[in-house]
Amino acid sequence: MEKFVISGGKPLKGTVHISGAKNAAVAVLPAVLLSDEPCTIENLPNISDVSTILQTMSALGAKVKLINKSTVEIDPRNVRSYVVTKQMAEGMRASSYFMGALLGRMKHSRVAPPGGCDFGVRPIDQHIKGFEALGAKVTIENGMVDAKADELRGSSIYLDVVSVGATINIMLAAVKVKGLTVIENAAREPHIVDLANFLNSMGADIMGAGTGMIKIRGVDYLKGADYSIIPDQIEAGTYMVAAAATMGDVLINNVTPKHLESIAAKLREMGALVEEFEEAVRVKMSSRPRKCNVKTMPHPGFPTDMQPQIATILAVAEGTSIVTEGVWDSRFRYVEQLTLMGADIQVDGKMAVITGVDALSPAPVKAVDLRAGAAMLIAGMMAEGVTEIEEIDHIDRGYEEVVEKFTALGADIKRVYYDENAGALKRA
Ligand code: EPZ
């Protein structure tokens, strides 16, 4: 087992380079299955969710060649299998994208229900509604979601909830079907635009990605493409909050500042200096943060994937802040961990009332999910003394070289291997 041991209380200073976006990579890679030629994907983050997707693609029959740690060449021409087993799917939400990609490629997909972070119920009814509108018959057999069609046809689909996953899955399934597909009330996240750009660079005809209405005119053939994934909005946002929370001064490089506007706005409200450059943002904090209220919403609102991190800095703000979760039913499981570190947070349904305390204190805590884990890292760096974080595999799913990047900014974080049974500690 591994854990992080953090000696906190040091302001972060310096420059950090942001990796490619996890949530774009996990959509673009399955989309390669729709290509009629090999593709090269660059700027992939070196994280376990990407490795899991690549392993799944190999198991389906694709030839996957790693060129370097962020570039991969994939030849999907020999893919014959349409089955993604439970073993391949568990632990990763994005495995659901194989439903749309394989349905689009082979008119048949059988995929185990996706795993990923536990936010209470994570339904896929809108994905299924989309596949059915395109003409697929969807059944659940032996715990597998089976989608099959003799012929798929373009259709109009109104999403009852703004869903990133359903928007992506319907795009994947529709890109090569006959006729026009219209997705109304579509999600507008940057990774949806990135997926559309990738598919269009192969010859797809997708318009409107980034707006609430996406139009997809089916094409017969997709040629190979060389494509570079966009920078990770949430990784960048995590370093922005970490810089402010530790009273630091950090230049966050290789970002798209436009994707970070809602996060920058909240940090400014708290009193941080946030400067925007062409491909970088600088965050500097010189005084105790001021309270502010945050409500998460689909893009361009404040991202739910930044909710635990922003709540962590607000835990030491002057005054009482209210954080409202507007996307997931249950995304406050990390609050119990922050409370162990002295935070004063009361959760009532989808709302957390955060009364700022003077400082957090170190404690043994757990990463209950990916972004909760990022929040624990920030809390550990804020608290003077030694904080240990367990269950860090969640963090490795989404943050490339997190120890190296924070260490380069002056943090003291060690990844420690330990034998649970022997209780022995050995530093990596
Ligand atoms: C994506 O999850 C992201 N994952 C999540 O990021 C992110 O939290 C979420 O979008 C919202 O931004 C990936 O991109 C791989 P949704 P997804 O479908 O697609 C409801 C991270 O930390 N809903 O947009 O699974 C659902 O219950 C991860 O990187 C339905 O009701 O999220 C939720 O309340 C965690 N029916 C809301 O919609 C459906 O069929 C948004 O979910 C689908 C969703």
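These are my notebook entries on a few places I looked up in this structure, which is a predicted model.

**Entry 1: a helix on the inside**

I began with helix H4, which spans residues 97–106. How many of its ten residues are buried? I found eight, so the helix is largely enclosed by the rest of the structure. The buried ones are Tyr-97, Phe-98, Met-99, Gly-100, Ala-101, Leu-102, Leu-103 and Gly-104. I then looked at what follows H4 and came to Lys-107, whose phi is positive, near 60 degrees.

Next I went to the loop between strand S19 (320–324) and helix H11 (335–340), where Arg-331 has its place. Is Arg-331 buried or exposed? Its relative accessible area is 4%, and because buried means under 20%, Arg-331 counts as buried. I also checked what its side chain touches. Another goes from Arg-331 to the side chain of Asp-305, at 2.7 Å.

**Entry 2: salt bridges**

I looked up the salt bridge count for the model, and it comes to 21. I picked out a few to follow.

Glu-400 and Lys-69 pair through their side chains, with 2.8 Å from N to O. This pair links distant parts of the chain, 331 residues apart. Glu-400 sits in the loop between helix H13 (393–396) and H14, while Lys-69 sits in the loop between strand S4 (63–68) and strand S5 (71–75). I noted that Glu-400 is buried, at 5% relative accessible area.

Lys-266 and Glu-269 form another salt bridge, at 3.0 Å from N to O. What separates these two along helix H9 (residues 261–269)? They are three residues apart, which means about one helical turn. I jotted down a reminder: an α-helix has 3.6 residues a turn, so residues three or four places apart point the same way. Lys-266 counts as buried at 17% relative accessibility, whereas Glu-269 is partly exposed at 38%.

Asp-329 forms a salt bridge with Lys-350, and their closest N and O atoms are 3.8 Å apart. Asp-329 lies in the loop between S19 and H11, and Lys-350 in the loop between strand S20 (344–348) and strand S21 (351–355), so the pair ties together parts that are 21 residues apart in sequence. I read Asp-329 as exposed, with a relative accessible area of 52%. Lys-350 is partly exposed, at 35%.

I also came across a network of salt bridges, and its members are Glu-2, Asp-396 and Arg-415.

Which residues gather in a patch of negative charge on the surface? I listed Glu-390, Glu-391, Asp-393, Asp-419 and Glu-420. I looked up one of them, Asp-419, in more detail. Asp-419 is in the loop between strand S24 (412–418) and strand S25 (425–427). With 38% relative accessibility, Asp-419 counts as partly exposed.

My last stop was Gly-410, in the loop between helix H14 (402–408) and S24. Gly-410 is partly exposed too, with a relative accessible area of 37%.

Notes. Residues numbered from 1 in each chain as written. Predicted model: local features only at pLDDT ≥ 70, side-chain atom pairs only at ≥ 80, totals over all residues. Heavy atoms only, no water. Patch = residues over 30% accessible without salt bridge, like charges linked within 9 Å, V, L, I, M, F, W, Y side chains within 5 Å. Areas by Shrake-Rupley, 256 points an atom, 1.4 Å probe, with all protein chains shown as cover. Salt bridge = Lys/Arg side-chain N within 4 Å of Asp/Glu carboxyl O. Lys, Arg positive; Asp, Glu negative; His and termini not counted. Charge placed at Lys NZ, Arg CZ, Asp CG, Glu CD. Helix = DSSP H or I, 4+ residues; strand = E, 2+ residues; numbered from the N terminus. Buried < 20%, exposed > 50% of the residue type's maximum accessible area, 1.4 Å probe, protein only. Polar contact = N/O pair within 3.5 Å; in protein donor to acceptor, adjacent residues only side chain to side chain.
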